[in-house]
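Me: I would like to go through the labels on this structure, checking each against its definition. Please give the value and the cut-off every time.

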Amino acid sequence: MAKTVFKKTEMLTDVPLHYCPGCTHGIIHRLVAESIEELGMQDKAVGIAPVGCGVFAYKYFNCDMMEAAHGRAPAVATGIKRVCPECLVFTYQGDGDLASIGTAEIVHAAARNENFTTIFVNNAIYGMTGGQMAPTTLVGQVTTTSPYGRNEQTQGQPVNIAEMLATVNGAYYIERTSVHDVANVIKTKKAIKKAFQNQIDGKGFSLVEVLSTCPTNWGLSPLESIDWLKENMIPQYPLGVTKDKGAE
C-alpha cells in the first residue's frame with residue numbers, strides 16, 4: 001500500500017491560480033494556508049483582499065474571505081476582528097495597495113495594535129494594473145510610468161514599510177522575508193505562523209513583508225527575476241525582524 005508523504009493543504013481550493021508564470025504569489029498563498037491549517041484555525045479564519053494581484057484570493061483560500069476597496073483592508077479587518085474576536089483575521093496586500101493608497105490604514109492599525117495579521121507582498125511595482133511605479137519601486141528601476149528609471153530627485157526614495165512600521169509604538173511584530181529559494185521559503189512560513197500565533201495569543205498587530213517577483217512587469221524570465229530580486233531588492237529591503245516586542 002502506497003504511503004502518503006505529501007498532500008495539498010485543505011485550506012486551498014482546487015481553483016487554478018491566475019498568476020503569471022514565475023510569480024511567487026502562489027508560494028505565499030500556500031504558506032499562509034498551511035500555517036492556518038497547522039494551527040487548527042481553518043473554521044475561524046477570515047481573510048481580506050483588496051484590489052491588486054491578490055484580488056481573487058477569495059477563489060483560492062478555503063475560508064471566509066472579504067473584498068475591500070483599494071488600500072482599505074486594514075479598516076475592514078479591524079471591524080471584523082472587533083466584532084468576532086475569536087476569528088483569525090488576516091489581510092493579504094500588495095505594495096501598490098498597502099504602501100500607497102492604504103498607507104494611512106496600515107499605519108493607524110499598527111498604532112492601535114489591532115489584533116490581526118497582515119501579509120504584505122512587495123514586488124516593487126504595480127502588478128495588476130500595468131506595471132506602474134509603486135512606492136516601493138527602486139531608484140533607477142524602469143516601469144511604465146518611469147520609463148527612464150525612478151528618479152530620486154523628482155520621485156524620492158522607495159518606502160521601506162517594515163522599518164517604518166517598526167517605529168510605530170503600537171505594532172507588536174514586524175518581519176521581512178523572501179521566497180526566492182527553499183531556505184527563505186521555510187523562514188517565511190515560520191514568520192507567518194508566528195504572526196498568526198501572536199494574534200491567537202492576543203498580542204496585537206503583526207505584519208510579515210514578503211519580497212516577491214513580478215517577471216511580467218519586470219520584463220524578465222522567472223529565473224532572471226529571482227536573480228534580480230537577490231541582487232537589487234534585498235540590498236534595499238534587508239531580510240529579518242525589524243520589531244518583536246516578544247523578544248524585548
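This is a predicted model: local features need pLDDT of at least 70, side-chain atom pairs count only at pLDDT 80 or more; totals for chains, interfaces and linings use all residues.

Me: Which residue just after α4 takes a positive phi?
Reply: That is Asn113, with a phi of about 50°. Residues are numbered from 1 along each chain as its sequence is written, and side-chain values use heavy atoms, with hydrogens and water left out.

Me: How many helices and strands does that rule give for the chain?
Reply: The chain has nine helices and seven strands.

Me: What makes the radius of gyration agree with that of a compact globule?
Reply: The radius is taken over C-alpha atoms, and the globule rule is 2.2 Å times the number of residues to the power 0.38. For 248 residues a compact globule would have a value near 18 Å, and the chain has 17 Å, so the two agree. The C-alpha trace spans about 50 × 50 × 35 Å along its principal axes.

Me: What share of the residues counts as buried?
Reply: Of the 248 residues, 51% do. Buried means under 20% relative accessible area, exposed means over 50%, and partly exposed is in between (1.4 Å probe, protein chains only).

Me: Which residues of α4 are buried, and why are they said to be on the same side?
Reply: In α4 (residues 103-111), the buried residues are Glu105, Ile106, Ala109 and Ala110. They cover an arc of only 125° around the axis, which puts them on the same side of α4; the arc is that of the directions from the helix axis to the C-beta atoms.

Me: What do the buried residues of α4 pack against?
Reply: Their partners are α2 (73-83), β3 (88-94), α3 (95-101), β4 (117-122), α6 (161-166) and β6 (206-211). Contact here means heavy atoms within 4.5 Å. The buried residues of α2 in turn pack against β1 (45-49), β2 (64-67), β3, α4 and α7 (182-200).

Me: Why is Asn123 called buried, and what does Asn123 touch?
Reply: Asn123 has a relative accessible area of 5%, so it falls under the 20% limit and counts as buried. Asn123 is in the loop between β4 and α5 (152-155). Not counting residues up to four places away in sequence, Asn123 touches Asp95, Ser212, Thr213, Cys214, Trp218 and Met233.

Me: Why does Pro135 count as buried?
Reply: Pro135 is at 15% relative accessibility, under the 20% limit, and therefore counts as buried. Pro135 is also placed in the loop between β4 and α5.

Me: Are Cys20 and Cys53 buried, partly exposed or exposed?
Reply: Cys20 has a relative accessible area of 40%, so it is partly exposed. Cys53, at 24%, is partly exposed as well.

Me: What makes the pair of Phe56 and Tyr58 edge-to-face?
Reply: Rings of Phe, Tyr and Trp (its six-membered ring) pair if their centres lie within 6.5 Å; planes under 30 degrees apart count as stacked, over 60 as edge-to-face and the rest as tilted. The structure holds seven aromatic pairs. Phe56 and Tyr58 are 6.3 Å apart centre to centre with 75° between the planes, so the pair is edge-to-face.

Me: Why is the pair of Trp218 and Trp228 called tilted?
Reply: The ring centres of Trp218 and Trp228 are 4.6 Å apart and the planes are at 50°, so the pair is tilted. Trp218 lies in α8 (residues 215-218) and Trp228 in α9 (residues 222-236), so the pair ties together parts that are 10 residues apart in sequence. Trp218 has a relative accessible area of 12% and is therefore buried.

Me: Which residues form one aromatic cluster?
Reply: Phe61, Phe90, Tyr92 and Phe196 do.

Notes: Helices (H or I, at least four residues) and strands (E, at least two) are DSSP runs, numbered from the N terminus.
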